[in-house]
Amino acid sequence: MKEYLKNKIINLKDINNIKHLKKIIMSNGVFDLLHIAHIKLINFCKESYPSHFLLIAINSDESVKLIKGKNRPFYSLEERMYMLASLHSVDLVIPFSQTSVLPLLEVIKPDVLIKGGTTGEIEGAQFVESYGGKVIRYENVIKINQEILSTTRILENEDTDFHLGLNFK
């Protein structure tokens with residue numbers, strides 16, 4: 001892995017060195033098969049708060065298996081971190097091993113937490129708001145046949161056409 005990408009992947013002990021430099025926007029998830037809805041969410045985060053660090057917290061392989069089932073993740077944690085770190089909009093990537101992101105939120109205390117539209121309640125929202133942080137649900141989700149595009153949907157519907165014909169002008 002290239003050095004500049006390695007520098008974008010951090011662990012909890014690095015957080016205190018970073019928190020005082022800039023405000024932090026955080027999003028989290030499995031990011032198993034990186035798809036257009038992930039990219040739109042990540043770009044929304046950075047475009048909304050360009051002066052902040054965009055920190056993406058990513059579930060470990062073990063936690064993904066507990067959340068999504070034994071056949072997941074499709075890509076290893078190292079591969080998923082590499083893909084995310086390679087994106088220009090992403091400043092930092094941090095893995096976490098719990099099935100809940102709340103313990104990580106309690107340490108990082110992001111200024112802004114942004115989540116995509118595939119989840120019901122935003123986990124950790126009450127905590128982030130308790131110290132004055134902002135919580136945003138990114139609503140510009142992509143739907144196929146009235147269902148929100150997600151990695152699980154892609155993997156479970158192998159015969160569905162996912163060429164969306166999106167206009168990127």
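Me: Contact here means heavy atoms within 4.5 Å. Which residues does arginine 80 touch, not counting residues up to four places away in sequence?

Reply: Arginine 80 touches Val30, Phe31, Asp32, Ile58, Asn59, Ser60, Asp61, Val64, Pro73 and Tyr75. Before we go on: this is a predicted model, where local features need pLDDT of at least 70 and side-chain atom pairs count only at pLDDT 80 or more, while totals for chains, interfaces and linings use all residues. Residues are numbered from 1 along each chain as its sequence is written, and side-chain values use heavy atoms, with hydrogens and water left out.

Me: Good to know. Where is arginine 80 found, and is arginine 80 buried or exposed?

Reply: Arginine 80 is found in helix α5; helices (H or I, at least four residues) and strands (E, at least two) are DSSP runs, numbered from the N terminus. Arginine 80 has 0% relative accessibility, so it counts as buried. The cut-offs are under 20% relative accessible area for buried, over 50% for exposed, and partly exposed in between, with a 1.4 Å probe and protein chains only.

Me: Which side chain has a polar contact with that of arginine 80?

Reply: The side chain of aspartate 61, at 2.8 Å. A polar contact is a pair of N or O atoms within 3.5 Å; within protein, one must be able to donate a hydrogen and the other to accept it, and residues adjacent in sequence count only if both atoms are side-chain atoms.

Me: Pro73 was in that list of neighbours. What kind of peptide bond joins arginine 72 and proline 73?

Reply: A cis one, with omega at about 5°. Proline 73 sits in the loop between α4 (61–68) and α5.

Me: Changing topic to rings. How many aromatic pairs does the structure hold?

Reply: Three. Rings of Phe, Tyr and Trp (its six-membered ring) pair if their centres lie within 6.5 Å; planes under 30 degrees apart count as stacked, over 60 as edge-to-face and the rest as tilted.

Me: Why does the pair of phenylalanine 44 and tyrosine 138 count as tilted?

Reply: Because their planes are at 35°, with the ring centres 4.5 Å apart. The pair links distant parts of the chain, 94 residues apart: phenylalanine 44 is in helix α3 (residues 36–48), and tyrosine 138 in the loop between β5 (134–137) and β6 (143–144). Phenylalanine 44 is partly exposed at 25%, whereas tyrosine 138 is buried at 8%.

Me: What about phenylalanine 127 and tyrosine 131?

Reply: That pair is edge-to-face, with 5.2 Å from centre to centre and 65° between the planes. Tyrosine 131 is partly exposed, at 30%.

Me: Which ring does lysine 22 lie over?

Reply: The ring of phenylalanine 53, at 5.1 Å from the ring centre. A charge sits over a ring if NZ of Lys or CZ of Arg is within 6 Å of the ring centre and within 35 degrees of the ring normal.
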